[in-house]
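User: I am new to this structure and would like to be walked through it. Could we look at it together?

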Amino acid sequence: MSIKQKLGLYKPSLQPIPEVRIQRSFGTVKCNELGPYVLERTISTDSLKRGDRLLSDYHPFRVSGILELALVRENHPVHPEDLLFLDTETTGLSRGAGNFPFLVGLGYFENGSLVIRQILMTSPAGEKQFLDAIQEEVRKHSHLVTYNGKSFDIPLIKNRLILQRDRLHPPVLHFDLFHILKRLFPHRRLGRYRQKDLEAELLGFSREDDIEGAQVPQIYFDFVKYGTDTGMEKVIEHNRLDLEGMMLLFLEAVRVYTDLDSSRASLRSGLARILAHNHRYFEALDAAVEIQDLLLDGKEGFHYRDALFRAWLERRAGNYEEAASTYETIAERCMCDYSRLNLVRILEYRLNRPHQAIEHVDVLISRAPPPELPSLARRRARLDMKAKKLDERRGRESSA
């Protein structure tokens, strides 16, 4: 010991100790230690490709169309960097206290690049710091995007925070792509709304060497309980693929709506309905232009509800001749009395053709149930009077 140290005159330099971040590898996936039992991994790219789609295809990012797609009555623009994409991997499919997320993927746009941050909890003992890290990222963004997150991911995170005596501070708006894509594809079977299926249809991308979501919980349990890594690398990569696919699906859905791209037949009905809901009736009519052709030609893919919607759009746009023709075709092809009654109304009130309306009222009377007969009889009498007055007027005009 030196003399200065003995006399208490020695003062060690108070230089900060450099932070040492322990690195952990799962196969080719390398993660850094964020805290006890919590790891993180950050990836940034501007050259993402999935199937037929490149991230650069969407530059510059235009995302404000998501408001109308989600049927949100907002007028302010949405900046790409306002968005946070979130996807979780969990220990099960329930929302009970026994199920918890152990891996969360968080994606956002930064200077035209896509940044993905994955946070992994290697033991339930690190849950508080794991949830704090999620909260910290959520607070940085005003808009959240998930795939079925309104029903699963977000309620599950909220439950875990409640158990930690905390609560989630949600963004201003939450866009759930599951519900948005259901509006764009109204005729798919419910089981075909899986993210993988929609990636194949909208992006032309089929995943290879990807694990099924049902395998994820067991891989994590083996890792935590026995220290056995039977596929954690694939779990992390599965989460990354989910997040990247969600981000490209989001950009593609917004592009389809913003550009009014009705080149895919499967999108026309949903696109037209969303446009109509946002009071863009003439654009909705253009998107639904082939519904009439399917109806008249009897082609495969005809949908009764689409035909009625097409007639409603024509009526709303003031195209009464086309609306009457569509209603008449539906009435004949589908034996639809509702369409025939709408046809009668247009013929009577809009086109002033009482004689044609009488023919269709007679058809309705011939097969109407007894409770409806009085109103139809009154309509028939009114049309007889209008037809008589019309004939008299025409007689006077011809004699003059």
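Analyst: What follows is a short tour of the sheet, one of its strands, some helices and the salt bridges. Please keep in mind that this is a predicted model.

User: Let us start with the sheet. In what order do the strands come?

Analyst: The sheet is open and has eight strands, in the order E1-E2-E3-E8-E7-E6-E9-E10, and the pairing is mixed. Strand E1 (23-26) and strand E10 (173-176) stand at the edges; each has a single partner strand, so one side of each is left without a neighbour in the sheet. On average, neighbouring strands are turned by 30° against each other, direction ignored.

User: And which strands does helix H4 touch?

Analyst: Helix H4 (residues 153-163) packs on the sheet and touches strand E6 (83-90), E7, strand E9 (143-146) and E10. The direction of H4 makes about 75° with that of E6. Another helix, H8, lies across E1, strand E2 (29-35), E3, E6, E7, E8 and E9, and runs at about 145° to E6.

User: What about E8, buried or exposed?

Analyst: Strand E8 (residues 113-121) has nine of its nine residues buried, so it is largely enclosed by the rest of the structure. Ser-113, Val-115, Arg-117, Ile-119 and Met-121 point one way from E8, while Leu-114, Ile-116, Gln-118 and Leu-120 point the other way, and all are buried.

User: What sits between E7 and E8?

Analyst: E7 and E8 form a hairpin with two residues between them. Asn-111, in the turn, has a positive phi of about 55°.

User: Changing topic: how many salt bridges are there?

Analyst: The count comes to 34 salt bridges. One of them joins the side chains of Glu-252 and Arg-255, at 2.9 Å from N to O. These two residues are three apart in helix H8 (residues 232-258), which means that about one helical turn separates them. Glu-252 and Arg-255 are both buried.

User: Which other residues are linked with that pair?

Analyst: Glu-252 and Arg-255 belong to a network of salt bridges that also links Arg-53, Arg-62, Asp-259, Asp-261 and Arg-264.

User: Which residue does Glu-314 meet in a salt bridge?

Analyst: Glu-314 meets Arg-310, with 2.9 Å from N to O. Because they are four residues apart in helix H12 (residues 304-316), about one helical turn lies between them. Why does each count as buried? Buried means under 20% relative accessible area; Glu-314 has 2% relative accessibility, and Arg-310 has a relative accessible area of 10%. Glu-199 and Arg-207 also form a salt bridge, at 3.0 Å from N to O, and both are buried.

User: Lastly, where does Leu-267 lie, and what does it touch?

Analyst: Leu-267 lies in helix H9 (residues 265-277) and is buried, at 0% relative accessibility. Leaving aside residues up to four places away in sequence, Leu-267 touches Leu-184, Phe-185, Leu-202 and Val-256.

Notes: Residues numbered from 1 in each chain as written. Predicted model: local features only at pLDDT ≥ 70, side-chain atom pairs only at ≥ 80, totals over all residues. Heavy atoms only, no water. Salt bridge = Lys/Arg side-chain N within 4 Å of Asp/Glu carboxyl O. Buried < 20%, exposed > 50% of the residue type's maximum accessible area, 1.4 Å probe, protein only. Pairing = 2+ DSSP bridges. Contact = heavy atoms within 4.5 Å. Axes fitted to C-alpha atoms, helices over the stretch in contact; angles between N-to-C directions.
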